[in-house]
Amino acid sequence: MSINSLPEERYLTRRVLSMQESQTMKISGLAKQMKAEGKDIISLSAGEPDFPTPDFVAEAGIDAIKAGFTRYTANAGIPELKKAIVEKFKRDNGLDVTPDQIIVSNGGKQTLANTLLALCEEGDEVIIPAPFWVSFPEMVRLSGAEPVIVPTTIDSGYKMKPEQLDAAITERTKVLILNSPSNPSGAVYSENEVRALMAVLEGREIFVISDEMYDQIVYGPVTPFSPARVSGMRDWVIISNGVSKTYSMTGWRIGFLAGPKWLIDACGKIQSQTTSNANSIAQKAAVAALTGDQRIIEERRLEFEKRRDYMYKALNEIPGITATLPDGAFYIFPSIAGLLGKSFGGKEINSSTDVAEYLLVDHYVATVPGEAFGAPENLRLSYAASIGELEEAVGRIRKAFE
């Protein structure tokens with residue numbers, strides 16, 4: 001019997017079979033395919049800024065190529081980039097770290113995957129507040145551990161409360177994943193809220209993976225506060241960040257991790273046997289991004305804020321949709337509970353997946369269903385698009401649900 005005639009899945013591991021495909025990448029891919037077919041698609045599904053990489057950053061990458069900086073680098077990152085990251089943590093986050101407490105990886109996803117692979121195994125549990133970034137549970141499953149999902153509500157601003165965290169902890173709990181500012185909700189935990197959560201963990205030997213990828217895209221009055229700043233938690237907090245969102249460098253694939261040296265060394269061991277160092281040219285560009293003129297961050301943040309304010313007002317004017325005002329990132333995560341169980345355009349809408357498919361196929365607006373984020377009554381819309389595109393998209397959404 002030919003191998004090709006057998007069910008292919010019989011050869012795959014339990015870890016791979018337990019994972020789901022990224023819904024954000026799936027929807028984005030379908031939207032791009034429809035656009036290539038000539039359809040007038042407006043995509044609000046992508047998790048990346050619509051601004052270009054700053055010129056001075058791109059030029060640093062070009063200079064690196066011209067200088068022949070195209071060979072392997074140190075596995076954990078070039079010294080000048082690690083120095084720039086040390087300065088970034090001090091400048092932006094009020095944290096003192098040393099170069100040997102940092103590893104540079106191929107994007108934020110790899111920093112998180114390395115950490116979970118280093119810390120977790122079968123029998124462990126990882127607490128994840130929902131809504132969550134789509135990759136968190138899948139990375140946990142890949143490590144062999146079990147994700148423990150803690151649902152939050154629109155009334156709590158999509159933030160987990162200390163009593164919820166306490167109730168979710170068992171003798172098997174190994175890690176809490178905290179994402180602030182949040183993808184997909186835009187929620188930002190205040191200093192008091194972070195301190196209250198960390199008080200629950202005090203003395204319990206539970207690690208915190210703090211995903212702070214959007215820490216520079218915030219609108220106030222709440223500002224991000226790293227759990228690593230809480231006295232007594234420094235040795236238990238691992239911070240994941242990168243240049244992708246702040247500097248519009250998603251394709252450059254530079255993420256970085258800060259944590260206890262012993263864990264950073266372990267992540268380095270994993271990385272050395274999987275991908276080795278991050279892209280050499282991108283590392284040079286990241287140095288320029290972190291050490292160059294930071295005024296561009298504020299200019300783009302202000303533009304995101306205008307778009308956020310427009311989307312918040314416009315979406316709340318559509319019957320059946322209720323949106324909260326995001327404090328950070330560039331997503332809005334409205335509840336579409338008021339649309340469920342109804343029919344529009346001859347189609348019955350029973351889930352956020354139904355809503356997303358209806359909007360894309362019938363009205364050419366790409367969004368991401370809340371099921372992907374553990375929130376089946378929500379929809380994620382990215383406002384990383386021009387005001388003109390957002391106005392057109394909202395007009396189509398309004399027409400879809402008239």
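Leaving aside neighbours within four places in sequence, which residues is Met198 in contact with? The first legend gives the answer.

This is a predicted model, in which local features need pLDDT of at least 70 and side-chain atom pairs count only at pLDDT 80 or more, while totals for chains, interfaces and linings use all residues. Residues are numbered from 1 along each chain as its sequence is written, and side-chain values use heavy atoms, with hydrogens and water left out.

**View 1. Met198 and the nonpolar cores.**
Beyond its neighbours within four places in sequence, Met198 is in contact (heavy atoms within 4.5 Å) with Leu176, Val208, Pro227, Val230 and Met233. Met198 is also, with Leu81, Leu165 and Leu201, one of the residues with the most contacts inside the largest nonpolar core, which has 49 residues. Helix H10 (residues 280-291) gives the most to this core, with six residues. Apart from this core lies another, of 38 residues, which include Phe51, Ile217, Ile349 and Val394. A nonpolar core is a set of buried Ala, Val, Leu, Ile, Met, Phe, Trp, Tyr and Cys residues joined through side-chain atoms within 4.5 Å. Buried means under 20% relative accessible area, exposed means over 50%, and partly exposed is in between (1.4 Å probe, protein chains only). In soluble globular proteins, nonpolar side chains tend to be buried together.

Helices (H or I, at least four residues) and strands (E, at least two) are DSSP runs, numbered from the N terminus. H6 is mostly covered, with seven of its nine residues buried. These are Ser135, Phe136, Pro137, Glu138, Met139, Val140 and Ser143. They pack against helix H1 (14-18), H5, E3, E4, E5 and strand E6 (207-211). Just after H6, Gly144 takes a positive phi of about 100 degrees.

**View 2. The second largest pocket.**
This pocket has a volume of about 220 Å³. It is lined by 17 residues, and the closest to its centre are Met19, Lys109, Ser135, Met139 and Leu142. Helix H5 (108-119) and helix H6 (135-143) are the elements that give two or more residues to the lining. H5 gives the most, with five residues. By class, the lining has seven nonpolar, seven polar and three charged residues. Ala, Val, Leu, Ile, Met, Phe, Trp, Tyr, Cys and Pro count as nonpolar, Asp, Glu, Lys and Arg as charged, and the others, Gly among them, as polar.

On a 1 Å grid over the protein atoms alone, a cavity is a set of points where a 1.4 Å probe fits but cannot get out; a pocket is an open set with protein on both sides within 12 Å along at least five of seven lines, and lining residues have an atom within 4 Å of a point. Grid points are joined across faces, edges and corners, and a volume is the space filled by probe spheres set on the points. The whole structure holds three cavities of 30 Å³ or more. The largest cavity has a volume of about 120 Å³. Of its 15 lining residues, Pro129, Pro131, Asn179, Ser182 and Tyr189 are the closest to its centre. Strand E3 (125-130) and strand E5 (173-179) each supply at least two residues of this lining, and the largest share, three residues, comes from E5. The lining has 11 nonpolar, four polar and no charged residues.

**View 3. Ser185 in a loop.**
Ser185 is found between E5 and helix H8 (191-201). Ser185 counts as buried because its relative accessibility is 4%. Its side chain makes a polar contact of 3.1 Å with the side chain of Ser182. A polar contact is a pair of N or O atoms within 3.5 Å; within protein, one must be able to donate a hydrogen and the other to accept it, and residues adjacent in sequence count only if both atoms are side-chain atoms. A polar atom of the Ser185 side chain also lies 3.1 Å from the backbone nitrogen of Ala187. Leaving aside neighbours within four places in sequence, Ser185 is in contact with Pro131, Tyr158, Pro326, Tyr331 and Phe333.

**View 4. Thr152 in a loop.**
Thr152 is found between strand E4 (146-151) and helix H7 (162-168). Thr152 is buried, with a relative accessible area of 13%. A polar atom of its side chain lies 2.6 Å from the backbone oxygen of Ala130.
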